[in-house]
Amino acid sequence: MTALPGETPGTGGTDTPQDAVSPPDEAGAQEPAADADPASDGAGAAEVVAPASTEAAEPDAGAEAASTEGATEAEAASADAEAASADAEAASAGATSSEPELSEAQAELAAQRELRERIEQRKAAKAAPIAAGAGLSGTAADLLAAVRAVESGEKTGSAFFASPAPAQAPRRTAPAAAQPPRTPAPQASPAPQSASPEALDAVRAVLVEGGAPEALARPAVGALGEQAGELLRTDPWQLLAVPGVRPEQADGFARALLGADCGPDDGRRTAALVGWVLERAALQGHTALDAGDVRAALAERAVSDPDAAVREAVEEGVALLFQEGGDEEPEETEADAEETDEGGLAPDADAPGEPVRVLLGLDRYALAEESLADGLARLVNTCEKAADWAEAAAAAPSPSAAELIRTTAAAGLVTHSGGEAARAEPAALIAAARGLGLRAFGAAHSEDGRRRLSAATGDPDTAVTLAGLLSGAQGPGRDEDGALALDLLVVLDAPQLDVEGAAVLVEALADGARLVLSGDPGVLGSAGAGRVFADVLAARTCPQVVSRTPDPGPIGELVSGIGIGELNQVDAPGKEVVIVPVRDAGEAVHRTVQLVADSVPRAFSIPADETQVITVGHGGAAGTRVLNEALKQRLNPGPGRFGGFDPGDRVVHVPAPGRAVPGVVRSADAEGLHLDCGGVPVVVPQERVESSVRHGWAVSAHQAAGMRWPAAVVVLPGDAAQGLSRPWVYTAFSRGERHLSVVHGVDQALPHAVAQVPAQERTTRLRPLLEALPTPDAAS
């Protein structure tokens, strides 16, 4: 089956990806587990054959195939191969086209690449060249030596793992004047990064020789570069770098090329497997993984000596080694020294200290977390703390808004948490800061969030989307130093920030700027790796404002209870909340179509195009595919003459990994599919339609995060039980403003998920990095 656009959720459920064995010549399709078909448990490779964009794969490869709540099995390998070939041919035909101007998504990706290059240069300046077999330099080499010493018993872990706070680099200051914002041009979906015909031909030849689909040529060049053909011939397991390719497929490819010269303990194989395991962890939101988990995964893949495989992977630079925990060695007192000289043990010599946890991670996430931690500390330390906003706080519309204004006046970094009604408080902060003459802006996750913020502030110029801000299509633009020309930035929907996106954002803020991260901690996490908002809250390195403004009405009462693990029956005299019990998936689909097309419009005067259907998975008998097909037949029947779409179809467009933008099909021509995305015209090239556009009457909870509709219909068929969690239910149930219908077929699985299935934990390094950095409060 072909990869669905927008299937790039973060971690929020209970399932873990499971491996599906498939021959090396099949392109199985991996679907993101956050919205996985609960009835399936495998993973295939739709991203392999139809990657959303080779440009996007560079800065955000982990998000391209994000996986969290489970994974789905390949449904039809032959259909996948045909779809792959069609995608590859279409992409080849469109590769020569070039955009006259950078689109919003391209500019955002370019900014990410620029940040990564800058961080790599800093890293390279500190590290000497690595001699073959000599191991890593810098911190990674020290950590590797320490782990070996601890494992051999030579020394204790605390002797090696002191973590001094890194020195902060001097930064620019915010200038008084700003460049005028750039007028946004009509947007176009980014075309795949061009690859030379010679490189593609070389890769195709190797793929054919190894029995792999030729359609993998373009994504292979995107992942491995112009020398992909030569690299694959000498190291066939590098095929695992292509999103969606599984170890079984890479093993078959290697056997076909190398014959008897390859085996399960081949160093090339074990190194590639370490990278693949860490990539899979990133798809579930982890930026690092416990070394023991990596060794266990290698053992499951027939690696006889996982310890040696991990050491070799670290020495080769495939992964970086980190340590968490472990107490610093205590200072020796004079009395302790005397006891030691007399041959006795020092006091508490045998007392166990905090256990040392060894982590492995990919360099791009390690660099992003370190850059983000340094950037946040920089904002905390360079902000003016003596600002007097007392008069503005006194005029605030609510006590919580006044508290947020006062707190922001005295801090460079602030977190603000609350539900939907609490979004009025950041809006009041922006208005107050503007009244003080500051350049204040609010950035939302979606266009819908931007419109709601604009209505709350009363000034459309104050609200932007995060992608539009970073690309320059919206907001104040950049100053002469390249920093965003603003004094205060409020980021709404902060739980949707992944670590790489957050690093790009913070790097773009000048010294002295204030940053407020605002969001609802109860919703599903980001599509990409990391849990930035949760880590900043847990680190407690900045002031935290918790809103006391409750969400009103029966829906607000229901969602508030879910947030604390209680599924309460609420009084809904106006039928704001309706439960529709169903016996099976077929009845669930029938009742959903009936609600959207008839019941909700008749009872609440809410048209069908303002009602959003939300379900757990894309597959299954009542997943988004089946629901969208049924809803299209009822609401906008047609032959699908434009790549399966007709004018008037509701769709979801994915311009970059992790971003799902709702829209409506307007027309199609030689340029591509013309969409209206929230009033913004978007043209999707023909070769990108299949991989980046899908029908959108029904979406997943991850795709719905950060958006609201007048009415929401949440579909819970019987096979959805294993995909439910408290954050999923919280997110889905809170998407409706005036009405919520729940098509309920999971019996007691729903209250069980709310009460006992919290968010899946993500392993990250941001929290300890933040805790180790000096702040003014810590220094005083």
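My entries follow, grouped by topic.

**Before starting.** I reminded myself that this is a predicted model.

**Entry 1, a helix pair.** I began with α11, residues 291–300, and α12, residues 306–315. Two packed helices are described by the angle between their axes and the distance between the axes, so I looked up both. The axes of α11 and α12 come within 9 Å and cross at roughly 115 degrees. I noted the crossing of α11 past α12 as right-handed. Which residues make the contact? On the α11 side I wrote down V294, R295, L298 and A299, and on the α12 side P306, D307, A309 and V310. Sorted by class, this contact has six nonpolar residues, two charged ones and no polar ones.

Is α7 enclosed or open? I found six of its eight residues (217–224) buried, so this helix is largely enclosed by the rest of the structure. The buried ones are A217, R218, P219, A220, V221 and L224, and I was pleased to spot an arginine, R218, on that list. Just past the helix, G225 has a positive phi of about 95 degrees.

Next I went to residues 553–563, which form α22. Its buried residues are P554, I555, G556, L558, V559, G561 and I562.

I picked T611, which lies in strand β12, residues 611–615. Is T611 buried or exposed? Its relative accessibility is 0%, so T611 counts as buried; the cut-off for that is under 20%. Leaving out residues up to four places away in sequence, I found T611 touching V596, V600, I606, R650, A711 and V713.

I searched the whole structure for aromatic pairs and came back with zero. Charges over rings gave me something to write down, though. R765 lies over the face of F322, 3.7 Å from the ring centre. I also noted R434, whose charged end sits over the ring of F441 at 4.6 Å from its centre.

Definitions and conventions
Residues numbered from 1 in each chain as written. Predicted model: local features only at pLDDT ≥ 70, side-chain atom pairs only at ≥ 80, totals over all residues. Heavy atoms only, no water. Axes fitted to C-alpha atoms, helices over the stretch in contact; angles between N-to-C directions. Helix = DSSP H or I, 4+ residues; strand = E, 2+ residues; numbered from the N terminus. Left-handed = near helix turned anticlockwise from the far one by under 90°. Contact = heavy atoms within 4.5 Å. Nonpolar A, V, L, I, M, F, W, Y, C, P; charged D, E, K, R; others polar. Phe/Tyr/Trp six-rings, centres within 6.5 Å; stacked < 30°, edge-to-face > 60°. Lys NZ or Arg CZ within 6 Å of the ring centre and 35° of its normal. Buried < 20%, exposed > 50% of the residue type's maximum accessible area, 1.4 Å probe, protein only.
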